[in-house]
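Let us walk through this structure step by step, beginning with a database record and then turning to what the atoms themselves show.

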Amino acid sequence: MTRPFLYLLRAGLLGLLCLISPALWAASLQAELVDTQGQPLTGAVLTLQGPLGAEAEPVTALMDQQAKQFVPNVLVVRSGTKVAFPNSDNIRHHVYSFSPAKRFELRLYQGTPSAPVLFDTPGAVVLGCNIHDWMVGYVYVTDDPWFAVSDAQGRVQLDSLPVGSYAVSLWHPQAPDMLPQAAGTLVLGELQTRQRFTLAMQASTVVAPPQGPASAFGDAFKKAKRDAAP
Amino acid sequence: MLPRSFQARIASVLILLMLVVVGALYFAVQAATTVAVRSQAREQLDVGTRVFEQLLDVRGRQLHDAVQVLAADFGFKAAVASGDSATIRSALANHGARINASAVMMLGLDGNLEVSTDERIGGQTAARLSAQVRALQRDGEQIVLLPIGDSIYLLVQATVNAPLPIARVMMGFEVDEAFARELRELTLLELTLVARQEGLPAIWISTLPASTQALLQNDMAIEPAAASDLMLIGEERYLDQRLVLASGDGFEVRALLHKSMTQAQQAFAPLDRNILLIAMVALLAALGGALLLARNISQPVQRLAAVAERVGRGDYQMPLELHRNDELGSLAKAFHTMQQGIAERERQLAHNALHDALTGLPNRTLAQERLGSAIAAGRPTALLYVGVGNLRAVNDSCGPGASDLALQQLSQRLQDSLRPGDSLAQLMTSELLLLLENSDGDSAIVVGDRLQQLLSKPLRIGNQEVVLDCCVGIAAYPADGETADDLLRRASIAMQDAAQLPGRLQMYERGRDAAHQRQIRLIRDLRLAPDNAELLLHYQPKLDIAAGKVRQAEALLRWQHPQLGMISPGEFIPLAERTGSIQNLTAWVIEEALRQLREWNGRGLRVQLSLNISTEDLVDPKLPARVSQLLMRYQVPAEQLIFEITESGVMLNPTLALQVLHGLRDLGISLSVDDFGTGYSSLTQLKRMPVQELKIDQSFILDLDEASEDAVIVRSTIEMSHSLGLKVVAEGVELACSLRMLERWQCDSAQGYLISRPLPAAAFEAWVAQPLPAAALKVS
């Protein structure tokens, strides 16, 4: 009973803070994330390390599983955030991660597991489902206070940022070696800042959903015979 | 060289045909089976290839699945994520063992070998393999064959996803001889796998025997081309299917599937054997059939040939019956008919050879044979030789063919009179012989007499009655000769002698044979006498009674035989007349007389010569011309010649004779009728002849007596002649009284020993020069 109450309280306080100090929280950033070809990147993560350290508050995030997919596909959380893995499907899932940032395993379950998983180490955590190989989800754990995930157009909108200088980090599941890339510093004024970031990408290694079995040698022989034929 | 017998020829032709057919069949089947074997082998290879492919595919998929399963295993993923290599190795070994994989390796995403169950595969090799596998995988091949060290591996690789790739797992299955054997058991094909790597010796895996394998390696080294072909490995032929299973940088894996053609062809060996067997049986059957057929034909032919040979030797009794309805049967029948025909004709010929065609009687040959056998048996036998003297006259009077009828009737009559044991033969047209066995000469005379009477009875030919003039001569064995020829000749002589006798029957007289031999010799030598200068003329003076002078002479032919001495004209002239050489003699006489006349004329001795002209000369129409030529040649006047002819000579052919006489007369030659009074010439005939003289036969003159009948005849003849204008000559004047009578009767000339015997030319000349002898002179 106490915990929902606390959540409500925290939200209210935050809103009050925003209202009472408009000058202090005036900056906003509208960023566009593209790959080296200029194509907008979906699911890219942008984090900002600002002049003021935001206090880390214990927050619980959600990584849902809908239609045998992780929703959202990319979830960004601050270190120390607990993430709940509710299962919206009517089948069971077996969510696991062998990523060094967080190793865990939620054995076959249905509905919401009893306890959320605490992500306390920054880094990319790749989520998989042991019984649905194609299910891949990412939990990006960062120490930066401000972050956002790009939408389908590759856009990121961050509002109510303190005016100041920020170190920008970018991440994407297909970033090289799945490491965040520093994107320099950004000075945000009171006006809305528009910025375009380019992220180097690695070839996709996403596992494809199962297909019909391939008869590799059959092809090889047919080829060999074709070659042999005069 | 062709076989000569018909049988062998038929057999060889049939067998040759059979050989051709069987040979063609055999080779056709051989060709068909070879093609079938080849296509079957090819098919088998194709099937084997698919099986091989399937086998590899299955094995590969098995591996692939296994590695996929391994890669997807949560525990394994957890182990990999843990980074504990001992755990990972044990997991790899465990999963490899499940599917009998030979090697299982795990590599990092960067290609570094992290864990391997096979120590032989080092990190470098693994990295190379992984790169090669990944390269092939990028080309779409999930399962690859690669040579590793001295083995060939079937390799699969899978990525360990957690859920993103964290590592790669590679599994290898060693393709070894067990695998190849498995394929062989499935497909009955031999399999060879060859992997070549750069810088390393090629890897060979084969189910072929080691020796064959070595040969194959050798061959492949020399000529690695030809994807599939007939290949001769050692003694065995193989049909090959060659496949490139995998190839890449510095390596190549090939598969060779072999189908032993030798083995495949063995399946058809029973067929070959059967065909060979059938061919042999067919050949043997053909041989048998051909021999049988040929025998069926040649045996009758041989029998026919044997019969023909027997027929050739004169044996017509050999039976010939084939009882066949075919051509040979009809040939046999024809042979049979021919055999009979020949036999019949030969019998006929034999009969003809031994029998007379007209009367059907045995001929001389058969008669001699019979006589010979009688002599050989020592049976006394009498020969009755019958000669018919007037057959020619019968023909003349009764027309041609009459003599044949007469002879037939005669022979019939003779045959009817035969006693048992007697036999009749016809020796010549007019001569028949009757043999009386067990009969001596005396009893033969009785038979001969009876026969003579029988034969003298008239025969009826057409409307005329004819009496044949038959003479019978008899000779007897053993009295008259020891051989058939002697007996026949002596019987013939007796018959000729009989012809001179009124009874016309004569027994052979001893010595007649010698006379006969002399006659034959004379006949033979007479022909040569004129040329051998054995002839000469003697001249007998003719006294002109009224004048008491000799102005005429008769030339008489004399023959001085070198051995037999002087031959009398009475002996040789009849022989010459009988044999026809008289004309030669006459010609000689005429020429010699003319020569002598010329000689005498030259010496002033003028004589008129009388020459005897034979009957044959009178029927020679060329005689006047010939004489005319001779007169011209010797320059002798025709008036110095007188030709004496006989009445009978003119009678033979009066028309022709008269023609010749007129011809002679026209030349100027005088003609005289010799031997007047002995013939039966009519006065009418005498009147028609152009004669100038009559010569009264000496038989009237020799014993001339005043009171005798001869005197009357002579005297009336002289008177009649004178009244006809003919002169008269008396021959055979030997007595002076005869001469005186003749003188009184006014006979013109006299000739005889009273005046002179015939003298040689020189003697005659001398005689003429002397005065007449007293006897002759007394007349005047």
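In this predicted model, residues 275-294 of chain B carry the annotation "transmembrane region" in an unreviewed UniProt entry. The span is 100% helix and 0% strand, and its end C-alpha atoms lie 27 Å apart.

Another helix lets us check a length by reasoning. Helix 3 of chain B, residues 85-98, has 14 residues, which at 1.5 Å a residue should span 20 Å, and this agrees with the 20 Å between its end C-alpha atoms. Within helix 3 of chain B, the residues B:I88, B:A91, B:L92, B:H95 and B:G96 are buried. Seen down the helix axis, the buried residues of helix 3 of chain B fall within an arc of 130 degrees, so they line one face of the helix. An α-helix has 3.6 residues a turn, and therefore residues three or four places apart point the same way. The cover over these buried residues includes helix 1, helix 2, strand 1, strand 2 and strand 5 of chain B, while just after helix 3 the residue B:N100 takes a positive phi of about 60 degrees.

Finally, B:S439 sits in the loop between strand 13 and helix 13 of chain B, and because its relative accessibility is 4%, B:S439 counts as buried.

Technical notes:
Residues are numbered from 1 along each chain as its sequence is written. Chains are lettered from A and ligands numbered from 1 in the order in which they are written. This is a predicted model: local features need pLDDT of at least 70, side-chain atom pairs count only at pLDDT 80 or more; totals for chains, interfaces and linings use all residues. Side-chain values use heavy atoms; hydrogens and water are left out. Helices (H or I, at least four residues) and strands (E, at least two) are DSSP runs, numbered from the N terminus. Buried means under 20% relative accessible area, exposed over 50%, partly exposed in between (1.4 Å probe, protein chains only). UniProt positions are given in the numbering used here, feature names are shortened, and annotations may be inferred rather than shown by experiment. The expected span of a helix is 1.5 Å times one less than its number of residues. The arc is that of the directions from the helix axis to the C-beta atoms. Contact means heavy atoms within 4.5 Å.
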